[in-house]
Amino acid sequence: MRLLLVEDNENLCQELSKKLSSAGFAVDCASNGVDGAFMGECEPYDLILLDWGLPDMSGIEVLKNWRKKQVQTPVLILTARGAWYEKVDGFRAGADDYLTKPFHFEELLVRIQALVRRAAGISRPRIGYGGLELDEQNQNAVMHRGAGQPDTIELTGIEFRILRYILLNPKKVSSAHQIFEHVYDFNDEKDSNVIEVYISRLRKKLGKDVICNRRGQGYYLNTDVLCESN
């Protein structure tokens, strides 16, 4: 999943970006409200972390403008403002969640994961379909095959990101370019051909029929096979 972090505290921005990348997210950063507003409107982010007290344009102004322009990306506000009425203002402006500084990274991470699942319509605590689940903490996949013990499948960082995106969109046929935009950040080299390589590796690990290719359109999850394996 690809996140936008709009935060003017450079040290905090670098720290969060590093930790979120290690947790399996592609992260783009903006240090002021004007740049953040533009990036949030133009790029296909899966979630936005938005500081309230930004230079040039406050986080609340940025959020209100996004919602006026029908930007539906989930937004989690990060702020030192902890009064109940300020939280109410944030939610009324269109925020999906609110976290007061200082905070523990582990709490931020589980809130992000919950918002991503909610945006995909998943009510379960784990992302998965049929017999296939993601272990987000260890960035692995778990395959349940009948009544036996489940198999743990080791994944690389990019394999994990790609599989998570596909599992969050199980009914969707996604082109290599669409997948690329959700698993790499803005500064990565734009070559969607690498997605084909990683999909091939995933098929070897999960089974060749789990992820299918519709010629000229893209990749999709074979939900019938996964339901049979469960």
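1. Helix α1 (residues 10–22) packs against helix α5 (residues 105–119) at an angle of about 55°, and their axes lie 11 Å apart. Axes here are lines fitted to C-alpha atoms, for helices over the stretch in contact, with angles running from 0 to 180 degrees between N-to-C directions. The angle makes α1 oblique to α5; under 35 degrees counts as roughly parallel, over 145 as roughly antiparallel, 65 to 115 as roughly perpendicular and the rest as oblique. Helices (H or I, at least four residues) and strands (E, at least two) are DSSP runs, numbered from the N terminus.

2. Before you read on, please note that this is a predicted model, in which local features need pLDDT of at least 70 and side-chain atom pairs count only at pLDDT 80 or more, while totals for chains, interfaces and linings use all residues. Residues are numbered from 1 along each chain as its sequence is written, and side-chain values use heavy atoms, with hydrogens and water left out.

3. Back to the two helices: the crossing of α1 and α5 is right-handed, meaning that the near helix is turned clockwise from the far one by less than a right angle. Leu16, Lys19 and Leu20 of α1 meet Phe105, Leu108 and Ile112 of α5, where contact means heavy atoms within 4.5 Å. These contact residues divide into five nonpolar, no polar and one charged. Ala, Val, Leu, Ile, Met, Phe, Trp, Tyr, Cys and Pro count as nonpolar, Asp, Glu, Lys and Arg as charged, and the others, Gly among them, as polar.

4. Next comes a parallel sheet. Its five strands form an open sheet in the order β2-β1-β3-β4-β5, and two strands pair if DSSP finds at least two bridges between them. The edges are β2 (26–30) and β5, each pairing on one side only. On average, neighbouring strands of this sheet are turned by 20° against each other, direction ignored. Helix α1 packs on this sheet, touching β1, β2, β3 and β4, and its direction makes about 165° with that of β2.

5. Strand β1 (residues 2–6) runs parallel to β3, joined by four bridges, with Leu4 opposite Ile48 in β3. Strand β4 (residues 75–79) and strand β5 (residues 97–100) also pair in the parallel sense over four bridges, and Leu78 stands opposite Leu99 in β5. Together, β4, helix α4 (residues 84–93) and β5 make a right-handed β-α-β unit: with the strands pointing away from the viewer, the path from the first strand over the helix to the second runs clockwise.

6. There is also an antiparallel sheet. Its four strands are in the order β6-β7-β8-β9, and the sheet is open. Its edge strands, β6 (128–129) and β9 (151–153), each pair on one side only. Three bridges join strand β8 (residues 140–143) to β9, and Ala141 stands opposite Ile153 in β9. Helix α6 (residues 157–168) packs on the sheet, touching β6, β7 (132–135) and β8, with a direction about 130° from that of β7.

7. Finally, two backbone details deserve a look. Most residues other than glycine have a negative phi, and most peptide bonds are trans. Lys101 and Pro102 are joined by a cis peptide bond, with omega about -10°; Pro102 lies in the loop between β5 and α5. Asp56, although not a glycine, has a positive phi of about 75°, and Asp56 is found in the loop between β3 (47–51) and α3 (59–68).
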